[in-house]
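Please keep the sequence and the structure at hand while reading.

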Amino acid sequence: MDFALNDIQQMLQDSADKFIHNKYDFETRQKHSKSELGYSEDNWQLFAELGWLALPFEEEFGGLDGNATDVMVLMTELGKGLLVEPYVSTVIMAGNAIQRCGTDEQKAELIGSIVGGELKLAFAATEAQAPADIKAITTTATGSGDSVKINGKKSVVLHAASADKLIVAARTDTDTIGLYIVDASAEGISAHHYPTNDGGRASDLTFKDVNATQLGDSNDVAAAIQAVLNDAVVAVSAEAVSLMDKMLNATVEYTKVRKQFDVPIAKFQVLQHNMVDMFMECEQARSMLYYAAITIGEGNAEAANKASQFLKWKVGQAARLVGQTAVQLHGGMGVTDELDVGHMFKRLTMINTLFGSMDYHLDSLVKQRQAA
Amino acid sequence: MKVLVTVKRVIDYNVKIRVKPDGSDVDLTNVKMAINPFCEIAVEEAVRLKEQGIASEIVVVSIGPANAQEQLRTALALGADRAILVESEANTESLNVAKLLAKVVEQEQPSLVIMGKQAIDSDNNQTGQMLAALCDMPQATFASEVRIADDKVTVTREIDGGLQTLAMPLPAVVTTDLRLNEPRFAKLPNIMKAKRKPLETLTPETLGVSLSAHTRLVSVAPPAQRSAGVKVASVEELVDKLKNEAKVI
């Protein structure tokens, strides 16, 4: 099977790689992460200029018609810089939901503004009791069209503090799951904003009779929400794979220069075995990433859901081994604030908890198998 | 005004170079390749001239293997209008490259040729000067500023201990220094458009140039490994080591 990138993907990869090398070194990333906003607005405008915000959207609405593999290529490069800009929440999740469910008028208005860098969104689907299972959502939406009222709580909504609008998943009067557009400053929303362990931002939101507009014509869009989550799993897994590669390389290089008993510690066979295990996990996670990106791109919903779950499980497992081993082999400095290894491990840990942990997905896959 | 820009395919500057075990050359196996950074600055300068309405067409040219098309496509994505690849696997030493470029200049008749001052692989810093001589054009090397007005190009050059400004009639050859500009990132829509821009492939034979070797690569060696640092007990010992061992003071 040929996994070589095409010319356009190759140039996209080069362009993103150059951005990370020239404009997004570790210190710069830390500065953005610790700023009041939590990311760089200048970078966001640059992303708009470079067309990255338009990548997965339909050409008709100002997008560039990219597929899951194109997004994977971009996210793999951006992941190397531990990106803190709200790309996943605005483009991969909320924008994607608008593209899948919105009316043509909503797409023209909202996607056009995302592509131009003028609009940031957050996707509010997860709840404390429903970190990944859409069927368990309890937030309610009553009414229809432009006069919907939202009530309930959402947990760990990524980048909600910087969002202009929220796309909220809620249970309808007819017990289906719909999506609703809510102004982020609407009356009735109370928010607890906080930094996440990996240097990002998230919020817990409470909705009390909040005015909302239904996204699209249907109020039964659970399948579309699942498709959005599948795309998000591929995006963050691409980040995870590139971080694991980076941690492996950093660990190999470090063990070649760190001496103990007058020899580089890379000479010790037991450490070589550890690094071989890291390498194998990286390769297995990469293979699963390619498999999932291709399967999701083929459009079979059942196969896509399963591929996304396999990917999330494998990446979670690999990330834990690679992250823990990298930190162990770096010794105490592996968890210092000054070295990026600890920050990469934190990001991998956060990725494992997003959209359902590896244990959740493994359990779900086993149950599906038993039921079949 | 037509601007011709040269682009060389080299190892990406972020890659750690490996030398072949027999020391015969640099190992290029599975190594990421990119546009030579000085050539990228040359492309950026041409694109800026076009954006200012001074240049009307930018032609990028590369001499190298078939996959140098990748670097030409990148230059097209950055804003060049069309590309020419002179496909040649061997003998791309400076004089041969200058001879091939001279033929391309003869065909294209550009008003300005912008080149990187040197390529980061061989560090020769020769081709621009040779091309200017072969084409009998004025040249300004190490440019840190380029201004064009009234069929004249004014170039500020970085020289030891200061700056020198030269004025030349067009057509002319300019080679770029590092501080001339900061190249842009390729925009995704332009990357897609680059695929449809024309890329012509020529050979040394079609240009009527026979390539002969004037130099022979004898060996390549990696830099000496940096030895570990030592702790000194006093300032006096440090000064003594700097004076007598390192001989830097």
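Which domains does the domain assignment of chain A give? There are three entries: domain 1 (7-115), domain 2 (121-220) and domain 3 (223-371). The model is predicted.

## Domain 1 against domain 2

Start inside chain A. The centres of domain 1 and domain 2 of chain A, taken over C-alpha atoms, are 22 Å apart. Domain 1 of chain A brings 24 residues to the contact, and domain 2 of chain A brings 18.

About 1500 Å² is buried between these two domains of chain A, and carbon and sulfur atoms give 64% of that area. Three residues stand out on the domain 1 side. Ser89(A), Gln106(A) and Leu110(A) supply 24% of the area that domain 1 of chain A buries against domain 2 of chain A, more than any other three residues.

How many salt bridges does the rule find across the interface of domain 1 and domain 2 of chain A? The number is 0. Polar contacts are present, with 9 residue pairs counted between domain 1 and domain 2 of chain A, both partners at pLDDT 80 or more.

The domain 1 side draws on helices. Helix 2 (26-34), helix 5 (87-101) and helix 6 (104-115) of chain A each give two or more residues to the side that touches domain 2 of chain A. Helix 5 of chain A gives the most, with 8 residues. By class, this side of domain 1 of chain A has 11 nonpolar, 9 polar and 4 charged residues.

## Chain A against chain B

Now turn to the interface between the chains. Here 20 residues of chain A are in contact with 19 residues of chain B. The buried area between chain A and chain B is about 1800 Å², with 63% from carbon and sulfur atoms. Ile8(A), Met11(A) and Lys18(A) supply 32% of the area that chain A buries against chain B, more than any other three residues.

How many salt bridges does the rule find across the interface of chain A and chain B? It finds 6.

On the chain A side, helix 1 (7-23) and helix 3 (41-50) each supply at least two residues that touch chain B. Helix 1 of chain A gives the most to this side, with 12 residues. The side of chain A that touches chain B has 9 nonpolar, 4 polar and 7 charged residues.

## Salt bridges

Side chains of opposite charge can pair when their charged atoms come close. Over all chains, the count comes to 37 salt bridges. Four of them are listed here.

| Salt bridge | N to O distance |
|---|---|
| Lys18(A) with Glu40(B) | 2.5 Å |
| Asp17(A) with Lys32(B) | 2.8 Å |
| Lys256(A) with Glu253(A) | 3.9 Å |
| Glu106(B) with Lys103(B) | 3.9 Å |

Take the Lys18(A) pair, a salt bridge with Glu40(B) at 2.5 Å. This pair crosses between chains, from helix 1 of chain A to helix 1 (residues 37-51) of chain B. Both Lys18(A) and Glu40(B) are buried. Lys18(A) is also one of the three residues that lead the area chain A buries against chain B.

Asp14(A), Asp17(A), Asp12(B) and Lys32(B) are linked in a network of salt bridges.

Lys256(A) and Glu253(A) lie in helix 7 (residues 222-257) of chain A, 3 residues apart, about one turn of the helix. Glu106(B) and Lys103(B) lie in helix 3 (residues 94-108) of chain B, also 3 residues apart, about one turn of the helix.

Is Glu106(B) buried or exposed? Glu106(B) is exposed, because its relative accessible area of 52% is over 50%. In chain A, Lys256(A) is partly exposed at 48%, and Glu253(A) is partly exposed at 39%.

## A buried glutamine

Where is Gln309(A) placed? Gln309(A) is in helix 9 (residues 301-330) of chain A. Gln309(A) counts as buried because its relative accessible area is 10%, under the 20% limit. Beyond its neighbours within four places in sequence, Gln309(A) is in contact with Tyr360(A), His361(A), Ser364(A), Leu365(A) and Gln368(A).

Conventions: Residues are numbered from 1 along each chain as its sequence is written. Chains are lettered from A and ligands numbered from 1 in the order in which they are written. This is a predicted model: local features need pLDDT of at least 70, side-chain atom pairs count only at pLDDT 80 or more; totals for chains, interfaces and linings use all residues. Side-chain values use heavy atoms; hydrogens and water are left out. Helices (H or I, at least four residues) and strands (E, at least two) are DSSP runs, numbered from the N terminus. Buried means under 20% relative accessible area, exposed over 50%, partly exposed in between (1.4 Å probe, protein chains only). Contact means heavy atoms within 4.5 Å. Buried area is the accessible area (1.4 Å probe) that two parts lose on being put together, summed over both. A salt bridge is a side-chain nitrogen of Lys or Arg within 4 Å of a carboxyl oxygen of Asp or Glu. Ala, Val, Leu, Ile, Met, Phe, Trp, Tyr, Cys and Pro count as nonpolar, Asp, Glu, Lys and Arg as charged, and the others, Gly among them, as polar. Domain bounds come from an automatic or database domain assignment. A polar contact is a pair of N or O atoms within 3.5 Å; within protein, one must be able to donate a hydrogen and the other to accept it, and residues adjacent in sequence count only if both atoms are side-chain atoms.
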